[in-house]
Amino acid sequence: MTVTENKTLPESFLPTLPGSAYSDPELFAREQELIFEQLWFCAVRSGDIAKPGAFRTVQIGRESILITRSRRGEARAFFNICRHRGAKLCTEDAGETQRAFQCPYHAWTYDLDGKLVAAPNLTKMPDIDRVEYGLRKVHVREWLGYVWVCLADEAPSFDETVVGAVRTRLGDVESLEHYGVESLELGRRITYDVKANWKLIIENFMECYHCATIHPELTEVLPEFADGFAAQYFVGHGALFGEDVKGFTVDGSKGLDRIPGVSEDQDRRYYAVTIRPQVFVNLVPDHVIIHRMFPLAPGHTIVECDWLYLPDVVAEGKDLTKSVELFHRVNQQDFDACERCQAATDSRIYADGGVLVPSEHHIAEFHNWVLDSLKPRA
Ligand code: FES
Ligand code: FE
């Protein structure tokens, strides 16, 4: 894949990726292998596996990954594959087990740390190393109330690649810490089944050239978005709420209780951070919205979006409808746009791709990052 040289391009335009970059199965397989199976991937919410034995299975790159919590309360992640004859161990998306995972094929059984603890007739078999034949482990970190996993043999530095993205966008990590994200509670989760390539979703999130056209509610609340210059590329800049706007809600009415750590200069502002390869974080004074993408096929991405509030707000059952509705609409508007683009990526008219106008130029840096990530390593 290359960015096509186009001599006819005016100076203020940059080329996009070619259409095939969004639909070619071979390229997608390389992205799965060299991006999603190599980098830290934000997999599940810590609260989704709150108790020992609670589990979720998720698709990361080409692999099914089983994520659970040990008896000591530590998050654990494994390739979801039985070490006997390779059956998929856990076939449910989520659930809870008392103390072990039992393979539905010949009943090999693994404890919550992945150790092989039982196999029918094992005593008649030659001694087997129960750790060696335990579940194959995946690197795990918990941060911001989420379980992050890395499938690479050697994980890249979490601080540089994940926390570093926050520093790049907000200027420091302290400004994020003000929101106390790890102590917030899940108020609402919506899962979107998007028929579009994951890169289209990231590109869309990175620019606001489209905001005036497709986000009427959002631009009412954040008037500066109407001019097309998203806050995304000014380090530390948060978009200010409109003068008459009382909260980050679908009609600008008052939101929920403000998160106490949010500073005066963060109040009445919206911040957005992209953590490559698959996370978007939105910060507003009374809640935090976290999107996790699960790319499944060149033209198919699942997006799980969580709205997080102060624990009291959730416990007291406060009405979140207007609060959730604003970004839910934004998501629908964005994903509709991405799907319209996806449908055209196979057209011969888009074989050479399109153009990035000046307010989208920073997307070229994302394209270069993808291209670099796919280069063969020495
Ligand atoms: Fe799992 Fe045989 S494949 S026990
Ligand atoms: Fe948008």
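This is a predicted model: local features need pLDDT of at least 70, side-chain atom pairs count only at pLDDT 80 or more; totals for chains, interfaces and linings use all residues.

Student: Fine. How many helices and strands are there in the protein chain?

Tutor: The protein chain has nine helices and 18 strands.

Student: And what does the radius of gyration tell me about the protein chain?

Tutor: You hold it against the value for a compact globule with that number of residues. For 378 residues that would be near 21 Å, and the protein chain comes out at 22 Å, so the two agree. As for its extent, the C-alpha trace spans about 75 × 55 × 30 Å along its principal axes.

Student: What share of the residues is buried?

Tutor: Of the 378 residues in the protein chain, 36% are buried.

Student: Now the domains. Where do their bounds fall?

Tutor: The domain assignment puts domain 1 at 41–150 and domain 2 at 183–373. Their C-alpha centres lie 33 Å apart.

Student: How many residues are in contact between domain 1 and domain 2?

Tutor: Seven residues of domain 1 are in contact with eight of domain 2. On the domain 1 side, β2 (41–45) and β3 (54–60) are the elements that give two or more residues. The largest share, three residues, comes from β2.

Student: Let's move to a sheet. What is the general idea of strand pairing?

Tutor: Strands in a sheet pair through backbone hydrogen bonds, in either a parallel or an antiparallel way. Here, six strands make an open sheet with antiparallel pairing, in the order β12-β17-β16-β15-β14-β13.

Student: Why is one side of β12 and of β13 left without a neighbour in the sheet?

Tutor: Because β12 (185–194) and β13 (239–240) stand at the edges, and each has a single partner strand.

Student: How many bridges join β12 and β17?

Tutor: Nine bridges, in the antiparallel sense, with β17 covering residues 300–309. For a spot to look at, find Y192, which stands opposite V303 in β17.

Student: Which strands does helix α8 touch?

Tutor: Helix α8 (residues 321–344) packs on the sheet and touches β12, β15 (279–284), β16 (287–297) and β17. To read its orientation, compare directions: that of α8 makes about 15° with that of β12.

Notes: Residues are numbered from 1 along each chain as its sequence is written. Chains are lettered from A and ligands numbered from 1 in the order in which they are written. Two strands pair if DSSP finds at least two bridges between them. Helices (H or I, at least four residues) and strands (E, at least two) are DSSP runs, numbered from the N terminus. Two residues are in contact if their C-beta atoms, placed from the backbone, lie within 7 Å. Axes are lines fitted to C-alpha atoms, for helices over the stretch in contact, and angles run from 0 to 180 degrees between N-to-C directions. Domain bounds come from an automatic or database domain assignment. The radius of gyration is taken over C-alpha atoms; the globule rule is 2.2 Å times the number of residues to the power 0.38. A residue is buried if 20 or more other C-beta atoms lie within 10 Å of its own, exposed if 12 or fewer, and partly exposed in between; C-beta atoms are placed from the backbone.
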